[in-house]
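Reader: I have a model open and want to learn how to read it. Can we go feature by feature?

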Amino acid sequence: MNWAETAVQALIASGIQQVIYVPDNALIPLIDGLRADDRLTVFSASREEEAIGIACGAFLGGQRALVMMQSSGFGNIPNALASLAVPYQIPLVMIISERGALGEYNSVQVPITRVIRPTLDALGISHYTLTRPDEVDFIVRRMTLQAFSTQQPAAIILSALLTGGKQDR
């Protein structure tokens with residue numbers, strides 16, 4: 001079983017019901033795996049902050065939500081997190097595919113990667129960077145449990161060490 005299949009199983013076992021994503025190549029294995037499960041509602045948003053708003057609404061409607069995006073899109077969401085999810089204690093899980101590190105060829109991807117973790121820290125949002133397939137099940141389950149137990153957002157960052165990163169130009 002590869003890392004994406006393991007993550008899909010862990011997310012389903014953790015009670016995720018809605019998945020909102022902004023498309024990204026590194027997320028395709030997750031998107032496809034989650035779409036294949038009829039118990040989940042999986043759809044794309046046009047912007048990352050829209051995905052955060054939908055996930056917050058899902059929680060208020062009694063469902064657990066996952067938001068997936070590329071690291072460059074993370075720059076669009078600090079206000080939505082700081083003014084909605086964090087102060088109103090709305091749990092959601094974010095999976096962020098990391099660009100801008102480990103041989104990145106596109107220079108515009110690099111700056112946002114440098115601020116993801118400090119921004120999450122400043123907002124008090126727990127986060128973990130997945131680098132190895134053998135840690136996927138444990139981390140995905142635990143971060144999801146933590147988000148919904150503490151009623152706070154949590155983030156899982158997918159390192160290029162795990163996904164293989166963006167390799168084409």
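Reader: Where is Q89 found?

Author: This is a predicted model. Q89 is found in the loop between α5 (78-85) and β4 (93-97).

Reader: What is the phi of Q89 near?

Author: General idea first. Most residues other than glycine have a negative phi. Now the case here. Phi of Q89 is near 50°, a positive value in a residue other than glycine.

Reader: Which is Q89: buried, partly exposed or exposed?

Author: Buried means under 20% relative accessible area, and exposed means over 50%. Q89 has 42% relative accessibility, so Q89 counts as partly exposed.

Reader: Where is Q151 found, then?

Author: In the loop between α7 (136-150) and β6 (154-158). Phi of Q151 is near 55°, again a positive value in a residue other than glycine. Q151 is partly exposed, with a relative accessible area of 34%.

Reader: Which residues of α1 are buried?

Author: W3, A4, T6, A7, V8, A10, L11 and I12. Look at what surrounds them. They pack against the helices α2, α7 and α8 (160-163), and against the strands β3 (65-70), β4 and β6.

Reader: What caps the N-terminal end of α1?

Author: N2 does. A side-chain oxygen of N2 lies 2.9 Å from the backbone nitrogen of A4. After α1 comes G15, with a positive phi near 90°.

Reader: Now charged side chains. Where is the place of D37?

Author: D37 sits in the loop between α2 (28-35) and β2 (41-44). D37 is buried, with a relative accessible area of 13%. To read a polar side chain, look for its partner. The side chain of D37 makes a polar contact of 2.6 Å with the side chain of R39.

Reader: And R47: which residue's side chain does its side chain join in a polar contact?

Author: E49, at 2.8 Å. R47 is found in the loop between β2 and α3 (48-60). R47 is partly exposed, with a relative accessible area of 41%.

Reader: What does R47 touch, not counting residues up to four places away in sequence?

Author: V22 and N76. Sequence distance and spatial distance are read separately. R47 and M69 are 22 residues apart in sequence, and 9.2 Å apart in space, C-alpha to C-alpha.

Reader: Let us zoom out. How many helices and strands does the protein chain have?

Author: Eight helices and six strands. Along the sequence, the pattern is α-β-α-β-α-β-α-α-β-α-β-α-β-α. The radius of gyration is 14 Å, close to the 15 Å that the globule rule gives for 169 residues, so the chain is as compact as a globular protein of that length. Its C-alpha trace spans about 40 × 35 × 25 Å along the principal axes.

Reader: What share of the residues count as buried?

Author: 48% of the 169 residues. Contacts across the sequence are the next thing to check. Of the contacts with a separation of 6 or more, 75% are accounted for by residues 24 or more positions apart.

Reader: And the surface and charges: how many positive and negative side chains does the protein chain have?

Author: There are 12 positive and 15 negative side chains, and the centres of the two sets lie 3 Å apart. The accessible surface comes to about 7,800 Å², and 50% of that belongs to carbon and sulfur atoms.

How values were computed: Residues are numbered from 1 along each chain as its sequence is written. This is a predicted model: local features need pLDDT of at least 70, side-chain atom pairs count only at pLDDT 80 or more; totals for chains, interfaces and linings use all residues. Side-chain values use heavy atoms; hydrogens and water are left out. Helices (H or I, at least four residues) and strands (E, at least two) are DSSP runs, numbered from the N terminus. Buried means under 20% relative accessible area, exposed over 50%, partly exposed in between (1.4 Å probe, protein chains only). A polar contact is a pair of N or O atoms within 3.5 Å; within protein, one must be able to donate a hydrogen and the other to accept it, and residues adjacent in sequence count only if both atoms are side-chain atoms. The radius of gyration is taken over C-alpha atoms; the globule rule is 2.2 Å times the number of residues to the power 0.38. Contact means heavy atoms within 4.5 Å. Accessible areas come from the Shrake-Rupley method with a 1.4 Å probe; for residues, only the protein chains shown count as cover. Lys and Arg count as positive and Asp and Glu as negative; His and the chain ends are not counted. The place of a charge is taken as NZ of Lys, CZ of Arg, CG of Asp or CD of Glu.
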